[in-house]
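Here is a short report on one protein model.

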Amino acid sequence: MYFGVDYYPEHWPEERWPIDAEMMKQANINIVRLAEFAWAKMEPEEGVYDFAWLDRAIEVLAGAGIKIVLGTPTATAPKWLMDKYPDMYPVDVYGLSKGFGTRRHYCVNHPVYRDYSKQIARVMAEHYRDHPHVVAWQIDNEFGGACYCQSDLHAFRIWLRKKYGTIDRLNAEWGTVFWSQTYRSWEEIILPVYSASDGFSQNGGASSLLSTPYNHNPGLLLDYQRFFSDATAEYQRLQIEEIRACSELPITHNLMGHFSELDYFDLGKDLDFVCWDNYPNTMWGKSSPASVSMAHDLMRGIKNQNFWMMEQQSGPCGWHSMGDTPEPGQIRLWTYQAIAHGAEGMVYFRWRACTVGIEQYWHGILDHDGIGRRRYREITAIGSEIAKLSPLYLHAKNDNAVALVKSYDNVWSHRAQPHNLKFSYDTLLKGYYTAVAGHHVGVDVTSAETDFSPYKLVLMPAFNLMTEVIAAKCEAYVASGGALLVTFRSGTRTWNNQMTTLTFPGLFRELAGVELEEFDSVNFGRTVGVNGSFGEGTASIWCDVLKSNGAETLAEYSSHYYNGTPAVTVNTYGKGRVYYVGCDLDADALARLAGIILEREGIAASLPKAYEGVEAIERIAEDGRAYLMLLNHNSEPVEVELNGVYTDALSGEAVEGELSLEPYAVHVLLNS
Ligand code: GAL
């Protein structure tokens with residue numbers, strides 16, 4: 001298994017390189033990622049290429065037995081290029097151009113930037129074609145969000161013409177009859193930039209919405225988001241084609257977990273493998289263990305295949321200030337958490353904290369003085385463990401019975417019109433993930449296009465935009481015995497973001513055996529009681545007022561004017577069942593509801609009881625050996641009861657009955 005670091009030889013004197021390479025070797029490092037921001041070093045003047053420094057760095061690393069992932073440097077266009085074409089700078093919704101001085105200062109739709117990007121990718125690929133130590137390529141770095149420049153406008157019009165064919169069709173799909181928005185030609189189409197109805201006062205005072213106006217035609221907003229995502233995938237493809245012309249090596253791009261501005265399912269289609277960057281604790285916040293695990297599961301779901309960590313946090317992190325320093329054992333825990341969910345390449349960010357640039361505080365394994373201390377020793381130990389057990393991890397499978405569907409189209413639709421200011425689609429998905437995973441049941445996070453047939457339970461919370469094709473697929477899955485869970489706001493819109501004229505929950509109505517009489521957006525500190533098979537709970541965002549068309553009631557509302565009406569139902573359809581959850585639920589109640597559903601559906605947990613902050617992930621190695629990874633995210637020890645009889649893969653000891661997990665402990669237990 002590849003185990004390595006992100007390394008920036010260009011930041012350090014050459015005399016240091018052999019010391020770094022030797023220290024890496026001692027730490028069991030066998031791969032580094034290089035060059036992804038080094039355009040100005042590789043092409044200091046237009047058309048003048050200098051790879052000599054990079055060749056020498058690679059030679060030094062290769063001497064220590066270290067392989068290389070090369071990044072194309074297009075996230076950091078050099079100054080000479082930006083000065084030559086200043087209209088390549090990205091533009092925000094207010095028409096302000098974002099200038100030089102950081103990175104990602106370009107637009108994926110700019111034709112000239114596309115040419116320069118292809119050129120540098122091609123020149124690099126030609127230079128390093130057949131290089132014995134280069135093993136993979138990374139395109140650009142962490143593709144980001146929207147731009148509203150003239151190149152986008154031009155490309156958006158072409159994209160729309162391709163999608164709709166005629167302007168009349170576009171007008172019909174967007175419903176431009178509303179407020180005289182009718183477009184007479186493609187040339188009249190706009191980008192969803194700052195509009196007359198935008199601004200602080202119009203957005204419920206939510207400052208987070210200020211930078212992205214949402215008071216636009218919903219069809220326009222959604223299509224723009226789809227367009228920008230497609231354009232980014234196309235930009236990535238252009239570079240991939242250049243590399244492919246010279247090299248058969250696998251190509252990846254480093255994704256960002258829950259980041260949802262781009263459709264990662266689409267972006268992943270052209271990649272040979274997915275990798276991602278995970279920073280659980282930085283100046284910007286701390287992620288819950290479940291949120292990180294869900295991100296890993298999503299990254300695995302992008303291609304339904306294992307992935308790499310291309311940047312795994314290895315020190316205190318931040319730009320202007322820092323998050324917490326990882327405690328002893330935490331880097332190891334994060335490493336195994338990634339592996340448990342499908343990582344089969346582990347690259348830490350970064351080798352050594354930098355003395356210059358905005359990331360001076362973004363610490364890696366070594367501090368600024370280049371001396372290996374506690375974190376270096378921890379990484380070294382992890383490296384040797386992984387080297388020993390990598391056959392268990394490479395090509396291993398997480399064979400899960402539950403799938404959670406994430407739809408980027410639905411992210412964008414909900415984000416523009418969240419129904420209730422407290423509602424977030426991502427938060428709802430995380431809530432369901434946490435509730436199920438908390439019972440020590442593995443979850444695949446996947447797209448609506450995935451094959452549902454291997455699953456016992458498919459969760460589609462708030463699947464708002466809906467199509468006949470998806471409905472038919474759900475119907476077939478349930479009819480043949482699957483269980484499906486849908487919630488409030490499911491099936492309320494068409495795929496192009498119009499409200500459906502079907503009675504809610506629209507295309508889910510037959511399946512769910514319920515229909516909405518009306519609904520209640522819960523505001524101003526009010527909560528609604530819910531009472532049922534899982535005990536008491538509360539809703540504080542949304543309540544559907546339901547009429548059952550044959551579905552069994554699992555819980556009722558216990559307050560407000562709809563007191564006594566169904567809140568959660570289950571309907572038998574063909575050989576399967578459809579759960580309808582008409583309201584949001586507090587985390588505790590949702591966990592209890594998940595427990596009841598898992599039991600009804602006969603989905604077994606990896607541990608006999610639920611332990612807070614403990615993960616128990618079952619996997620199957622390539623050679624068929626089954627094993628359990630136990631991770632304690634708590635800073636206190638936890639006693640857990642085991643289901644079976646195991647052998648600890650690291651110590652070789654037999655384990656059964658009770659096991660005491662030390663703070664941040666990791667156990668890899670082979671099924672006996
Ligand atoms: C990542 C990025 C790295 C580095 C790191 C710390 O998002 O890919 O290049 O900047 O964050 O900010």
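Strand β7 (residues 275–278) runs parallel to strand β10 (residues 307–313), and 4 bridges join them. Strands here are DSSP E runs of at least two residues, helices are H or I runs of at least four, and both are numbered from the N terminus. W276 stands opposite M309 in β10. Two strands pair if DSSP finds at least two bridges between them.

This is a predicted model: local features need pLDDT of at least 70, side-chain atom pairs count only at pLDDT 80 or more, and totals for chains, interfaces and linings use all residues. Residues are numbered from 1 along each chain as its sequence is written, and side-chain values use heavy atoms, without hydrogens and water.

The open sheet has 9 strands with parallel pairing, in the order β5-β4-β3-β2-β1-β11-β10-β7-β6. Its edge strands, β5 (251–252) and β6 (254–255), each pair on one side only.

Two residues compare as follows.

Leaving aside neighbours within four places in sequence, L485 is in contact with residues including Y432, M460, Y579 and I597. Contact means heavy atoms within 4.5 Å. L485 and H133 are 352 residues apart in sequence and 48 Å apart in space, C-alpha to C-alpha.
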